[in-house]
Amino acid sequence: MKASLVVLLGASLVGLGGAWLDRDAQAGQSHPAGWQVHEPIVHSNVAIFPVTGGRSHATRNYITLDEGLAVGTVKVTEQGAGLIRRRPGGRPRPSRDFGTEQAQVNRLVLINESDKALILLAGEIVTGGKQDRVIAKDRVIPPGADPLPLDVFCVEPGRWAGASVAFNTKSLMAAPALREKAQVAKSQDEVWAAGRAAVGGVAAEAGAVGGLRSSSYAIIAEDSELKRKIDSTAADLQQEYEKALRTQLRGKELVGVVVAVNGEVIWADLFAEPALFEKYWPKLLRSYVVEALSVPRVEHARATRDDAERFLAEQEGKQIIEVEPGEYRLLEVQHPRYAIFELTSLLEKAEPVLHFNKLRKEPTARPRLP
C-alpha cells in the first residue's frame, strides 16, 4: 500500500481551490470564484444559507458511500473479515486480508468494487459490525482498489459484539459538533462526549429523557420520539428550502450551504457541482437539525448573510497537506477559531475540488448532562 505524503506549511493566507471571498464585498455579491451566499432559510434556532455558483465540475464518475452500500459495490467490515476483491467486470479473487489481525475500535476495512471512484466524507456514520463508527476524514478511493484500512471513531460506547462483521446499507451524517471532534480533535473520548451530548440534547427537546434504548449516536434515527422530532423539524426546513428553489434560487446552481445555530455561523459544506450536493443534502440537513435541537435555543438570535460571507472569507491558518499519490489531496487549514478541509481528486487531470468544509471549533455551546 502506498504511504500518504503529509506536508506541514506555515501560517499563510490561502485561496482554497479558488474559494476566495472578497471580505469587503457587498452582501449577495459574487466573489471571483463565483460562489454567492443567499438569504437564509430559518426555522427556530437554525439558519441555512444557500450557496450557488462556483466552478462546477461533473462528478458522474464518482459514487457516494450510500450509493455504493445500497447496491453492494462498496463494502465496509471489521478488520480481519477476509474480504474478496472483485475488479469491475473481472473474476473474484482473494484479496489482502488484514488477515490475522483482530477487529479494532478505530480501524475498519473498506473495499470499492464499483467502476467509479468512491467519495468518503468525514462525519459519515456506518452502523452495524461490532459497534457503530464515524469516518475520520475526507478521502477518495479509486475503483477496484485493494481493501483499505479505514480510520474511524466509535459512536456506540459499550457494545463490542454483532451477528455480522459487515455494516448496514445506509449511513448517517454526524452533527457538526461530533464531526468537529472526529476531524479536528481526533480524540475518541471527545467523540463519545459529543455523541452523548447530541443524543441527550435531542432527547431533552423531544421529551424522551431516561427512556433511550441505546447509547449509540444512531439512536437518533431509530428511537421513535427522537426520530419524530428530527423528522418534523427537517420537513419544515425542507419545505422552505424547496420554496426558495422555486423563487429566489430559481435557475441558480446550488452547490452547498453555510449553517448558523443560535445566531452563530458554525459550518459550511460546499461541493463540486449541484448533483453531488443533492446526493448529500438529505443527510446533511438532518445533521444540522440534530445540532440545532441538541442545544438550548437562544431567542431572537439571528445570523445575517454578511455573517455567512465573512465566515467563508476567513481562510488564514497553518496548512497541512496530505497526499495519496494519484488519488486525492486533502488540504487542512488550522486556525484557533476554525478549521478548513478541502478534498481534491487527483484521479483527473483537472484536479477538481470535490468537497470544501469549514467549521468553527467547538460549534455550539451545550448544557452539561446529568
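1. How many helices and strands does the secondary structure of the protein chain come to? In this predicted model, the secondary structure of the protein chain amounts to 6 helices and 21 strands. Of the 370 residues in the chain, 54% are buried, and among contacts between residues at least 6 apart in sequence, 67% join residues at least 24 apart.

2. A reader new to the structure may wish to begin with the open sheet, in which 6 strands follow the order β6-β9-β14-β12-β11-β15 with antiparallel pairing. Because β6 (74–78) and β15 (172–173) each have a single partner strand, they stand at the edges, and one side of each is left without a neighbour in the sheet. Helix α3 (residues 188–206) packs on this sheet, where it touches β12 and β14 (148–154), and the direction of α3 makes about 55 degrees with that of β14.

3. Within that sheet, strand β11 (residues 124–126) and strand β12 (residues 133–135) run antiparallel and are joined by 2 bridges. Val126 is the residue that stands opposite Arg133 in β12.

4. The nonpolar interior deserves a separate point. In soluble globular proteins, nonpolar side chains tend to be buried together. Here the largest nonpolar core has 65 residues, and those with the most contacts inside it are Val134 and Tyr217; the largest share of this core, 11 residues, is contributed by α5. Apart from it lies another core, of 23 residues, which includes Leu312, Tyr338, Ile340 and Phe356.

5. Which residues does Tyr217 touch, not counting residues up to four places away in sequence? With those neighbours set aside, Tyr217 touches Ile125, Val155, Met173, Ala174, Ala175, Leu178, Gly195, Ala198, Val199 and Val290.

6. Helix α2 (residues 176–185) and helix α5 (residues 274–293) pack at an angle of about 100 degrees, and their axes are 8 Å apart. Angles of 65 to 115 degrees count as roughly perpendicular, so α2 is roughly perpendicular to α5. On the α2 side the contact is made by Pro176, Ala177 and Arg179, while on the α5 side it is made by Leu284, Ser287, Tyr288 and Glu291. The residues of this contact of α2 with α5 divide into 4 nonpolar, 1 polar and 2 charged.

7. When its neighbours within four places in sequence are left aside, Thr64 is in contact with Leu118, Ile119, Leu276, Lys279 and Tyr280.

8. The last point concerns strand β21 (residues 353–360), which is mostly covered, with 6 of its 8 residues buried. Strand β17 (residues 264–271) runs antiparallel to β21 and is joined to it by 5 bridges; in this pairing Leu270 has Phe356 of β21 as its bridge partner, and Phe356 is also among the residues of the core of 23 residues. Strand β20 (residues 338–345) likewise runs antiparallel to β21, and 7 bridges join the two, with Thr344 standing opposite Val353 in β21.

Terms used: Residues are numbered from 1 along each chain as its sequence is written. This is a predicted model: local features need pLDDT of at least 70, side-chain atom pairs count only at pLDDT 80 or more; totals for chains, interfaces and linings use all residues. Side-chain values use heavy atoms; hydrogens and water are left out. Axes are lines fitted to C-alpha atoms, for helices over the stretch in contact, and angles run from 0 to 180 degrees between N-to-C directions. Helices (H or I, at least four residues) and strands (E, at least two) are DSSP runs, numbered from the N terminus. Angles under 35 degrees count as roughly parallel, over 145 as roughly antiparallel, 65 to 115 as roughly perpendicular and the rest as oblique. Contact means heavy atoms within 4.5 Å. Ala, Val, Leu, Ile, Met, Phe, Trp, Tyr, Cys and Pro count as nonpolar, Asp, Glu, Lys and Arg as charged, and the others, Gly among them, as polar. A nonpolar core is a set of buried Ala, Val, Leu, Ile, Met, Phe, Trp, Tyr and Cys residues joined through side-chain atoms within 4.5 Å. Buried means under 20% relative accessible area, exposed over 50%, partly exposed in between (1.4 Å probe, protein chains only). Two strands pair if DSSP finds at least two bridges between them.
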